[in-house]
Amino acid sequence: MDDTTAPLVALSNVSRTYDGGSLVALSAINLAVERGAFVSIVGASGSGKSTLVHIMAGFDWPTAGRVLWQGREVVDRHSWTALRREKIGIVFQEFLLLPTLSALENVEIAMSGTGLSASTRRSRAAELLDQVGLSGRLKHLPFALSGGERQRVAIARSIANGPELLLADEPTGNLDSRSTEAVLELLFALRRRAGMTLVLVTHDEAIASLADTVVRIKDGRIVDAGRGTQEAR
């Protein structure tokens, strides 16, 4: 049984190396993310931010150390697959939409294997797209959407199964300033509405400062973890 008093997700002395240890991506990372928290992870390109979030999502595995979900170590790929399906939503810098599927179908496909009927999946996908302001774009293919609209579809897809943890890895990296502001406001509003835990990876100090806790990473190590200086809207 999960320990509901434990952090939602925690990394204990996690390291990740490649090429037989010659390339160190992460070194002795200790990080606990409490339920309902908003944590930003900030650092320069190549600092280890994406590796860290990939390990938190179970896409990559530590070379050493442990990853715990509500106090229990996640030890196999099947467990990570179940967590990503039921508990963890992920938004990437690249939108990763299926080009031959409409906006509605791209969101609906995230609910495959959940046991929901086709009509329920379609209805929920339409509702989610309405929440992100795309009720008039349900049938559009990705090529017919702007960058900001495609990221909104990706966000709707990421929350389709009501995740407890939303991992956003540079979600505004490919967007212009206007779309960046709109996507951030959307993420913050969804977090408030659903009470999700949000981990936002960025290289932008202004965006990072909006978090409750700002984790700074350099050369694969956490060099500081303090409170944000601004409040998310």
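1. Strand S9 and strand S10 (residues 221-227) pair in the antiparallel sense over 6 bridges; two strands count as paired if DSSP finds at least two bridges between them. Strands (E, at least two residues) and helices (H or I, at least four) are DSSP runs, numbered from the N terminus. Ile 217 stands opposite Ile 222 in S10. The two strands, S9 and S10, form a hairpin with 2 residues between them, and Asp 219 in the turn has a positive phi of about 50°.

2. This is a predicted model, in which local features need pLDDT of at least 70 and side-chain atom pairs count only at pLDDT 80 or more, while totals for chains, interfaces and linings use all residues. Residues are numbered from 1 along each chain as its sequence is written, and side-chain values use heavy atoms, with hydrogens and water left out.

3. On confidence: pLDDT is the predictor's confidence in each residue, from 0 to 100. The protein chain has a mean pLDDT of 91, with 97% of its residues at 70 or more.

4. An open sheet of 4 strands runs in the order S2-S1-S4-S5, with antiparallel pairing. Strand S2 (23-33) and strand S5 (72-73) are at the edges, each with a single partner strand, so one side of each has no neighbour in the sheet. Strand S1 (residues 9-18) and S2 are joined by 7 bridges in the antiparallel sense, and Val 9 stands opposite Val 33 in S2. Helix H1 (residues 49-57) packs on the sheet and touches S1, S2 and S4, where contact means heavy atoms within 4.5 Å. The direction of H1 makes about 125° with that of S1.

5. Helix H5 (residues 147-158) packs against helix H6 (residues 177-194) at an angle of about 15°, with the axes 10 Å apart. Axes are lines fitted to C-alpha atoms, for helices over the stretch in contact, and angles run from 0 to 180 degrees between N-to-C directions. H5 and H6 are therefore roughly parallel to each other, a term for angles under 35 degrees. From H5 the contact is made by Gly 148, Gln 151, Arg 152 and Ile 155; the H6 residues include Ser 179, Ala 182 and Leu 190.

Methods: Angles under 35 degrees count as roughly parallel, over 145 as roughly antiparallel, 65 to 115 as roughly perpendicular and the rest as oblique.
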